[in-house]
Amino acid sequence: GTPLSGADFQPHVPWGHENCMGVELSRDEILSRCLTPERQRSIWVVGDSHSFALVPCITMTAEKVGMPVHNYSWPAHHACDTDWDKLLDVLEARVNSEDIVAFSACFYCMQWCLPHFEELIQRLVAFVQSRSAKLLVFKDVPLLNHNSVNCANSDPGQFTGCSISKEQATVDVKDTNDMLDAYSSDFGMIDLFSPMCMEGRCDIFVPGT
């Protein structure tokens with residue numbers, strides 16, 4: 001893609017704060033470095049690289065209703081090791097009543113972290129309830145074959161090499177889906193899986209787009 005310029009890291013571009021939740025930062029450094037919330041209803045995007053990837057889309061949509069978006073994602077390769085206590089401390093200091101905490105993570109590609117993700121969701125649910133805020137969880141995109149990145153960067157005619165059957169994709173993520181469904185009454189959910197798994201196949205893009 002296009003390299004980021006210095007302008008991309010100014011406060012008016014929320015997703016430019018790449019290391020906002022960096023593991024090397026202390027709680028106080030995060031509070032001073034991350035975007036300072038305005039006194040209006042806001043959306044707080046938290047999670048790993050999968051939530052980070054959603055920030056531009058969420059921001060464009062939220063701007064239409066006048067809601068600022070604050071990105072507290074950390075693009076970690078090992079989400080099991082992320083210091084979620086620090087994230088919750090930051091949310092405690094920032095989130096107001098009626099704000100939305102939007103959470104997404106690589107649930108499917110890191111299923112060995114499932115107990116870790118479940119604990120975090122439990123803690124987020126308890127937090128938003130105590131703050132009279134809202135929790136929105138994004139159900140992850142399907143787990144495709146091991147060459148998905150290379151395939152996505154290839155000729156459009158080769159995209160089908162990334163896809164797998166919906167049946168196989170569903171089996172691969174059953175444990176994760178069961179966990180999310182068990183808590184679904186406690187939060188809103190946006191399903192990113194189903195639109196990418198139409199007509200019996202899961203692909204790297206939504207069919208027709």
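Trainee: Why is β3 described as largely enclosed by the rest of the structure?

Mentor: One reads this from the accessibility of each residue in the strand. In this predicted model, five of the five residues of β3 are buried, so the strand is largely enclosed by the rest of the structure.

Trainee: Which residues of β3 point one way, and which the other way?

Mentor: Ile100, Ala102 and Ser104 point to one side of β3, while Val101 and Phe103 point to the other, and all are buried.

Trainee: Which strands pair with β3, and in what sense?

Mentor: Pairing is read from the bridges between strands. β1 and β3 run parallel and are joined by five bridges; Gly47, for instance, has Ser104 of β3 as its bridge partner. With β4, β3 pairs in the parallel sense over four bridges, and here Phe103 stands opposite Val137 of β4. Together, β3, α4 and β4 make a right-handed β-α-β unit.

Trainee: With which residues is Phe107 in contact, leaving aside its neighbours within four places in sequence?

Mentor: Phe107 is then in contact with Phe117, Ile121, Val137, Phe138, Asp140, Thr176 and Leu180.

Trainee: How many aromatic pairs does a search of the whole structure find?

Mentor: The search finds one aromatic pair. Trp44 and Tyr72 form this pair, with 5.5 Å centre to centre and 90 degrees between the planes, and the arrangement is edge-to-face. The pair links distant parts of the chain, for Trp44 lies in β1 and Tyr72 in β2, 28 residues apart. Trp44 is buried, with a relative accessible area of 0%, and Tyr72 is buried at 1%.

Trainee: Which cysteines does a disulfide join, and why is the disulfide right-handed?

Mentor: Distance identifies the bond, and torsion gives its hand. The count comes to one disulfide, which joins Cys197 to Cys202 with an S to S distance of 2.0 Å. The torsion about their S-S bond is about 115 degrees, so the disulfide is right-handed. Both Cys197 and Cys202 are buried, whereas Cys57 counts as partly exposed at 48% relative accessibility.

How values were computed
Residues numbered from 1 in each chain as written. Predicted model: local features only at pLDDT ≥ 70, side-chain atom pairs only at ≥ 80, totals over all residues. Heavy atoms only, no water. Disulfide = S-S within 2.5 Å. Buried < 20%, exposed > 50% of the residue type's maximum accessible area, 1.4 Å probe, protein only. Phe/Tyr/Trp six-rings, centres within 6.5 Å; stacked < 30°, edge-to-face > 60°. Helix = DSSP H or I, 4+ residues; strand = E, 2+ residues; numbered from the N terminus. Contact = heavy atoms within 4.5 Å. Pairing = 2+ DSSP bridges. Right-handed = clockwise from strand over helix to strand, strands pointing away.
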